[in-house]
Amino acid sequence: MPRPQVLILSETSSHAPAPTLLVGVDFGRAHFDADLQELGLLAESGGLKPVARLTCKRKAPDPALFVGSGKADEIKELALMHGAVEVLFDQALSPAQQRNLERHIGLPVNDRTLLILEIFGQRARSHEGKLQVELARQQYLSTRLVRRWSHLERQSGGIGMRGGPGETQIELDRRMINDSIKRIKERLVKVKRQRNTQRRQRDRRDTFNISLVGYTNAGKSTLFNALVKARAYAADQLFATLDTTTRQLYLGEAGRSVSLSDTVGFIRDLPHGLVEAFQATLQEATDADLLLHVVDAANLDWPEQMAEVQKVLTEIGADAVPQLLVFNKLDAIDAERYPLQLQDQYEMDGMPVPRVFLSAQSGKGLDLLRTALSKIVKTALPPDALEITDPRDFTREYPDDQH
């Protein structure tokens with residue numbers, strides 16, 4: 001029996017990026033990306049080449065084709081005109097809508113959810129990260145079996161065959177996927193147990209735990225490297241790194257060390273399956289004593305990006321953890337938008353939150369951040385908390401599961 005798979009978006013990326021038509025539908029909701037800029041960046045990160053973009057307005061999704069038959073015809077013509085080999089929607093499609101669009105247009109049709117899953121699959125490096133991505137992929141696949149395989153209508157049964165008499169192939173495949181999901185969840189439970197053991201070890205050392213959170217490509221990994229002199233992978237692309245890295249950061253003004261963790265970035269409409277699958281990783285944020293919320297201050301949409309991060313933090317139960325806002329990319333801010341002062345207070349949900357402007361790339365403002373962190377740590381930790389005086393401990397790395 002062939003193993004069910006979803007369409008791999010990046011199959012052609014090893015040779016040449018696949019020409020792709022981007023489609024976005026405005027349903028009148030706030031912050032619609034009329035230029036499909038973020039979807040284009042996601043597509044490029046996933047090994048695709050956007051060749052054309054199309055947006056339209058609707059009051060509600062069409063139950064059958066999502067965009068209606070007239071707009072589906074327009075998509076088909078535009079894809080043919082620009083030589084696109086697949087169509088990518090900025091919104092999530094139902095399995096029926098996806099199947100109907102593929103029949104109508106005559107090309108593979110995928111949505112934002114699958115694209116993000118594919119990027120996560122490409123970028124995951126640790127054993128834990130791969131498990132989490134595979135779980136989310138299997139959960140996504142389980143709802144789309146019927147549209148990917150022609151053999152699903154066959155009947156199975158009889159001597160030497162799996163399943164009872166008359167059991168359909170789709171039932172067998174769904175059972176196989178459900179078994180796979182169960183096994184992955186069991187393995188993730190063990191990973192979560194290992195992480196909890198690591199956290200208890202850090203707690204016994206009276207270590208103050210800080211987690212970096214923020215929208216993808218806000219510069220979290222660059223800031224992490226600048227603070228702890230690490231060499232974590234950082235690039236100007238969406239989801240450059242997925243695996244959590246934890247290091248010790250020594251704060252001279254506080255006279256002690258803290259634990260600093262770099263976590264996966266968030267994004268608008270992050271698939272719920274990914275949030276659920278990455279609970280073990282995101283637990284670092286939930287258990288932190290302080291969140292360094294990194295914001296791309298050079299991006300004009302930073303208020304919306306902050307709101308999306310807050311939305312995910314609420315979903316994972318980390319919204320009550322104290323935050324320090326880090327408005328990054330100071331070197332890329334236009335002169336007319338340059339802040340009057342590099343340290344102030346920003347109001348979030350009616351509460352003032354400390355904020356620091358800096359450039360992790362150039363290092364400007366890092367001293368202000370270290371001072372702000374030292375004040376917070378000195379206030380939070382008891383005077384007799386463990387002090388670190390050995391310089392070799394400044395960048396000690398905790399043994400994350402990397403195997």
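Guide: A pocket is an open set of points on a 1 Å grid over the protein atoms alone, where a 1.4 Å probe fits and protein lies on both sides within 12 Å along at least five of seven lines. This is a predicted model, in which local features need pLDDT of at least 70, side-chain atom pairs count only at pLDDT 80 or more, and totals for chains, interfaces and linings use all residues. Residues are numbered from 1 along each chain as its sequence is written, and side-chain values use heavy atoms, with hydrogens and water left out.

Visitor: How much space lies in the largest pocket?

Guide: Grid points are joined across faces, edges and corners, and the volume is the space filled by probe spheres set on them. For the largest pocket, this space comes to about 940 Å³.

Visitor: Which residues that line the largest pocket are the closest to its centre?

Guide: The lining of the largest pocket (residues with an atom within 4 Å of a point) holds 35 residues. Of these, the closest to the centre are H31, D33, E38, R112 and R268.

Visitor: Which element gives the largest share of the lining of the largest pocket?

Guide: Helices (H or I, at least four residues) and strands (E, at least two) are DSSP runs, numbered from the N terminus. At least two lining residues are supplied by each of β1, α1 (37–45), α4 and α11 (302–315). The largest share, which is four residues, comes from α11.

Visitor: What is the bridge partner of V23 in β3?

Guide: Strand β1 covers residues 18–26 and strand β3 covers residues 86–89, and four bridges join them in the parallel sense. Within this pairing, V23 has as its bridge partner in β3 the residue F89.

Visitor: Which residue takes a positive phi in the hairpin of β12 and β13?

Guide: This hairpin has two residues between its strands. The positive phi, near 55 degrees, belongs to D349.

Technical notes
Pairing = 2+ DSSP bridges.
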